[in-house]
Each structure stands twice: as C-alpha cells, then as structure tokens.
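Could you walk me through this one? I'd like to start with a pocket, then go on to a helix pair and some aromatic rings.

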Amino acid sequence: MKFLLATIMIAQLASAFRAPATTSTRRFIQSQNKRAAAFGVLNGESLTQQKYLHPGSLRQQPFLTTRRHMSDTLEEAAPTAASSTGYPFASVESKWQAYWKENNTFKTPERRTTNEDGTVSKSKNKKKYVLDMFPYPSGAGLHVGHPEGYTASDVMSRYWRMTSHDVLHPIGWDSFGLPAEQFAIQTGTHPEVETKKNIANFKRQLQMLGFSYDWEKEVATTDVDYVKWTQWIFLQLYKKGLASQSEVSVNWCPALGTVLSNEEVINGLSERGDHPVTRLPLRQWVLKITEYADRLEQGLEGLDWPSGTMTAQEQWIGKSEGTEIEFKVDGLDDEKVTVFTTRADTLFGVTYVTLAPEHPLVSSVTTSGQKEEVDAYVAATSSRSDLDRTSSKEKTGVFTGGYAIHPLTNEKVPIWIGDYVLGSYGTGAVMAVPAHDERDFEFASKFGLEVKWVVEPTKMDEELSTEEAFTQAGVNVNSGEFDGMKTQKAKKAITEKLAEISAGGPKITYKLRDWVFSRQRYWGEPIPIYFPVDFPEGVEDSAVDPKVDGCEHTIRFDKPIPVDEADLPLTLPEMEDFSPGDDPAGCLARAKDWRYFQKDGKWFARETNTMPQWAGSCWYYFRFLDPKNGESAFSPELDEDWMPVDLYVGGAEHAVLHLLYARFWHQVLYDLGYTKHPEPFQKLVHQGMILGSDGEKMSKSRGNVVNPDDVVEVHGADALRLYEMFMGPLEAVKPWQTSQVSGVVRFQNKLFNLVQEAAKNDSSVEMDEETTKILHKTMKKVTEDIESMSFNTAISAMMVLTNHLTSLKDRVPREAAEKLTLMVSPFAPHLGEECWSILGHDDTLAYHPWVEHDEALCVDNTFKMGVQVNGKTRGEIEIPKDADQEGAMAEAMKVQSVSNQLDGKDVKKIIYVPGRILNIVAK
C-alpha cells in the first residue's frame, strides 16, 4: 500500500507541469481538449478532468497549492545538487553515442539467413516494426515538442529488444516541400542545398538525443534513388488506370503564381498577401482514390487505432447510400439533370432544382432574358473557393429561366443556380425540398419559392411547424400512391419506381473526391509522363525546334506516354529561377531544354507538373525495409519478414490525408502482388502537442519555441527524454516548463549515486523483505506501464524505488540496482548504459533480458486503515490482512493519538469492517 500511494503521489506531479493560463491559453487548451477527445485519445475525459492542464488563473489557490506540493515532493524524491555528486551527463552521453555508432548497436537483425546447404532459416523471435512519422527537415530544426513522439517510439523499441523481439526502427526525411522552394526563390539557393543542410542539422539533433535508429536504413524522399521508385509506383497506378488527366477547377492566384488550396482563399483573396484569386480550369493529374473508397473504409476494421482517427477517416470517405434521380430539362430533349439524395421519400416535395454555377448545363438551360444576370453571378462566384462558398451563411442564387420536369408528377420545377452547390461534389446539382431540408428552406424563404410538405411526424401529438423544415423521419403525405408509408418504406418504394421507369435507382456515393496529384512547382518529383508534339501541316520534325521561341507547335496532352521504367529516375533540370511565374503550368515549362526532346526523330514534351509532397510519404515505410535495393522498391522477402508496421507514432494532424493516401497506395500495391499485407499500419498512436510555457502552440512568431539543444546543453539528453515522458499521458496536450526539468535531473542524479554505492557492495548484501517487495512491484508496474505506453507512471514507480534504495545508504543490494538500471534504460539510455558499466558489465544492456517479477511478491500481506474515535479519524494502523477485531484493537491502542482520545472514557461500541474501518465509540 505504501508503494502504491507513493507511486500515485509522484504520478500526480506531472499534473503540476503547467503554465499560468491566460484567456487565450484557456481557449487554446479547451480547443485542444476537444480535438483530443475527437480523436478518442483521452477515454472520455478532458485534459482538465485528468489534471494535466489547468485552464484557471495562476492566482487561484488550488493551482498554487498544487505547485508547492509538486516542488516539495520532488525535493523529497531527489536530492539537490549541493547534497550529492552530480551525474556527468555530457561526457557519459557522448561516450555512449560514440559506442553505439562504432558498434552499430541498433542494426536491424536479419530475419532469415541462408545456410551452407542452401536452405533458409528464419528467426524464431517475434518482430516489431516501430515507425515514426518521418519529419520534414525545416530550417528551424527541432523544437522540444518534436522529440515527444520519437522518445515514445524509442522507449518501445528499446524495451522490445530487451524482450527478445527483432526490432526495425528506422528514420528518414520527408524532404520535398514548399518551404525549401520558397527559400530558394528568395535567395537563389538551390532547394537541394538548403534541404541537405537542414537534414544534417536534424540528424545531429536526433543523434544527440540517443534515439536507437538504424541509421543504415536512412532515406530522404529527395534522394535520386528514392525518387526513382516513387515514379515507378506512379507508373503502376497509371498502368492500372488509376492515374489520369482531368480539367479541374482550381484557385489560381496570378500575383503569387500558384494554385491555392481552398483553405488558403478567404473571400476571393489569397490568405497570404490578399491578392485576387480566380477559379479556372487547369489540366491536372488525378489519382482515382474513389475506386478504393469501399476498401479504405472496410480496411479500418481490425486496426488498433484511436477511435477518433477511425471516425475521421470514415467521415472523410463519407459513404452514403441513397437514390440517383434524373430530371428531364424542359425544351431540351437530350439533356437531363442528375441528382443524388438520401431522402427519396421527399421527392414529391421538390419545388425547384439548383445547379452549381460551374455546372455544364448552366448555359444551356439559361434563357436569353436571364443570361446577363446568370453570367454576372457565375463570374462573381468564380473567385470564391469551395470552402468559402460552403461555409458562408448567406444564401445566394439566380433563376436561370429554365425548368426541369419532375420524374413522377411531370410538373415543371424552376432551375436555379446557387453557389452553395459545388460542381466538384456529387453531381453538381440538388433537388430542393425546402419543407424537409434546412438549407433548401432558407434558400426558398429568401427567394419566395414554394414549400410542399410531404412528410409528417409519426406521433399524433407532435405538430408540424411551418416555420422551419421538418427533417426527421415520419409518414409520407401528399405523395400519391406512397401516402401513409413510413420513411424507410417510402424511400425503397420510390427508388424502385424510379428504376422501373428508367428515371433513376439505388446509388452509393462518397464524399471522398479523387486526389488532385499535380503541383505547379519545381521542388517535387517530376511526373514520368511525356506527350507527342505536333507541328503545322507540312512541317517536318527535323526542320523545327520547339525549344526556340516562336516555333509554332501543339503539345498533345490527350496522348500521354509513360516513361520507360528502365529510364527512371526522371530528374529535375538545373534552374536558376524557381519562381512559378504567371503561367499556371509552373516553372518547369520554362526549362525548354529539359522539357522538349527528340526520340526516333520525333519531338516530345515532358510533363511539367510535379508530384505533391504527399507522394514520398505514401510509401516510405516500404523503402525502409530495403533502402539500398537498386532492382526493386523493396524485396518480397523483407515485406514478408517485417510488414505490417506494428507501431506507428505521429501527430493527430495526419489523421486523415496522409494516412488515407498511404493506405490507398498500399492497397494498390497489395492488389498488384507487391505486398502480402492488406493494410500498412496495425497500431497507431498520436502523441499530444507540447505547448510553449505560455500555454500557446510553439511558433517563432510567438517567441515561445524551446530548442532541445539548449535543454541538452544544460541538463542532458536523458533529462529531456525523462521529462517529456513524465509530463503526463503521452496523448495529452501539455505545456513545456524548462524550470521543471530539474526535477527529473535530481532523479537521475540520485539513481546514479545509488548505483555507485551498490557497485561497492558484493553479493553478501542481501535484500530485506521490504526491498524485495518494492522491487518486484516496481518491475511489474514498469513492465505493464511500458506495454500500455503509460510512461509517466512508469517513471513515477522508478522514483519510488530510487527513494527507497537511497534510504538504505551503503547497503544497496547490487541486484536491486541492476534491475532498476535495466528498467530506466529505455527512458534514459545513456544513464542506463553507464550504470550498467559501473556495476561491472562489459557488454551493452541494449539486448540484455528484461526484468521479470514474481507475482507472489507483489501481493501485500498487510494493509493500512484509519482508526476513528467517535467518527473522527485519529490515527492509522497497519495490520495483517486476516486480522480480527481483537488484533485490530490491540494495534489501535498502540497509537498515541488514539489512546489519548480514549483516556478516561468507556468504550461503548466497536465497529470493525476488515479492510475498511475501525470506529471506536467511547464516552
């Protein structure tokens, strides 16, 4: 019980590592709590409920009390530097980092070996593929928030090596990206130069922190060998019919010379610079991820992922079962407006149809009298992004003058255009049922359009309000032969009727859109496609050169040709000006010597779009298996040996797109037979964000970024690792407090000192019963906590054991010191290795067997309970579990505070409930 209470007490210290909370801090924490809850990482509790973040003011007394309690307890848990010999972290950490590098300690083991007789022997060990979401090497380097996830994965990797697992723990660089290109545009420095410099800095920082990566597996997405296989995978997608060209309406900003995402356009202006943005059709490469929508949804089953991430993926895929309905266009016999709805039961309530402004039928259905107004509206909406249009509360629209024919009643319904309908989503048209759809009701109310009620509540006592849309299920009315049917039955019956008359039928749709894969940028993988070049009739290829300005020619984009796989990689050309310019085709269109080439006497033009940054991160986990393979992206044997990834650690910001895109590529490779595993990532963990000391997200603009270099210089790498794992649950959002690192520094100093004392002792120093029990309870708890990635409470347990062993002074048992050293090593590997060496071991502990506890020694034979006198607690006793009332009273009378209360009084009654209460009633 003493051990348990002490562990709980120290675990609560992590809750005090918090910053004074301003109003903005409280808002940020609350938003992060909601985000964390949405991703299912806090088991239904907010961060405030868990006591890891405090949204209140520093002036509040409970907060001050908690901080004082934390400070006092840490002083008790570890001695001050003045009272002990300091741990020489600088020399120790450099020593063991050099040892690991020289001995290639963390080299990935071979899981199969070929014997002399040609037979193959496979490893009998279980495997663990531990993967971090690899970083983008920015110029700023790491801040202290980045190592949190890396430390967590490293703890697991080190633990699994010690539990006889074969471990693959690689790292690499997601090194294509816009920041390097922007830096190049500003300075004239080639993006590759800046990228390599940034990678070198990131690598130095990661090695400084003692992560047990196998550096022989290192890859960068910008490496020529890596680009080759990214392009090869694109060609497999192309050959399978999953990569094609399409005219896509994009947000083009001439001033910035680039295509902007929906999120980067606000009220028709660029978020950066407030430049005008227009919507224009642009030839783009598109990956048909929608063909895998069902598979992507079904594949989530059985994965060990946060529930919120699973939900986010499902919602992004957005599978919807409903009905497709065709409305003929009045006066245009060959034209139809196709809509999709999940509420076919409301079909008789349609009073108008709305088209997206960019719908191809707009010009056809618009009458001459409405043309000017319609054209003006279309032009006005062309500058607004999809996100801007759908998030706007104001409903706008224009009547086209045209009419659609209702498929069941043959009534004419007016056709409108409205910017809340998107051409890129669904069919680009909706049937409007204002009586039973809130958005349609608002639109109809604004423009005075008819409202028809065709569904009523099923409950007799529930009245139908005409002041708002009734969107719930009910019973059909005013629906002809379908009157009286409940919603589900009406949906089915009307869908069958539409199919019968060839005016529609059942349909499954998805919110998921095909992946626009093109970027009009320099710093990305060239798309390995080229096109024939045509010249005016009668002009021979040998007589012209399209690289020369003024040479009339046409690039046949309708006849794409894949680069031969033997000619990969297709590399980027050397350029001096990396700015996109005013041509939506991008800067590569200006590299004419690279773009145009002759083959067999014919001229061709290379694709000038590049791939998005997502491309390289879609498959890097495969290349880590086999980074030096020049013949294939990865070998089937290594795929069989190591896949799928057993633990994938990264931020929740990648909960949708990266994970969805990577799963899509993986499933295609699975279908093509390149992998035996249908899903890439078996277990996924999101680490929580570490905020600045002001409780805000770390950023240079706020001036709250903490560089790990500074922390390591003052306290050491192990102290940073211990602190980040001790701050609170891995998944929780928590603020950084450099001043609190000293708490774990004192802990590691104390542990180092007691190991030095233990090293002086021989086997004659035996463990007493109390020490034995505390040791085995600690081994059990630390093991269980590491398995569940509850790192903060594992460290708490080791603090308790350290305190106890220190109290033994010069009688610290060597065995206990060795067990503690092994347990702390995944968290503080340099400290662990040094203590192991001090205890007389010549080999590294990286592969030493993990500690094992005796369950019988983890059970307490006694327990503590309070003693009350007349209902008030006056003391505490520790008694055997099977103690009877007489034994409990005998121990109670030994407690001075209890006997004082009973002095001169008669005991009238004794209330004894074993294990719960001893209450003595006396007068």
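Six elements each supply at least two residues of the lining of the second largest pocket: strands S12 (319–329), S13 (332–341), S17 (429–432) and S20 (504–510), plus helices H14 (386–391) and H15 (438–447). S20 gives the most, with four residues. Helices (H or I, at least four residues) and strands (E, at least two) are DSSP runs, numbered from the N terminus. This is a predicted model, where local features need pLDDT of at least 70, side-chain atom pairs count only at pLDDT 80 or more, and totals for chains, interfaces and linings use all residues. Residues are numbered from 1 along each chain as its sequence is written, and side-chain values use heavy atoms, with hydrogens and water left out.

In all, 40 residues line the second largest pocket, and Phe-340, Thr-341, Tyr-425, Val-430 and Arg-439 lie nearest its centre. A pocket here is an open set of points on a 1 Å grid over the protein atoms alone where a 1.4 Å probe fits, with protein on both sides within 12 Å along at least five of seven lines; lining residues have an atom within 4 Å of a point.

Now for the rings. The structure holds 45 aromatic pairs (ring centres of Phe, Tyr or Trp, its six-membered ring, within 6.5 Å; planes under 30 degrees apart are stacked, over 60 edge-to-face, the rest tilted). One of them is Trp-96 with Tyr-99, edge-to-face at 5.2 Å centre to centre and 65° between the planes. Both sit in helix H5 (residues 89–103), three residues apart, about one turn of the helix.

Last, the helix pair: H23 (residues 717–726) and H24 (residues 741–759) pack at about 115°, axes 9 Å apart. Axes are lines fitted to C-alpha atoms over the stretch in contact, and angles run from 0 to 180 degrees between N-to-C directions.
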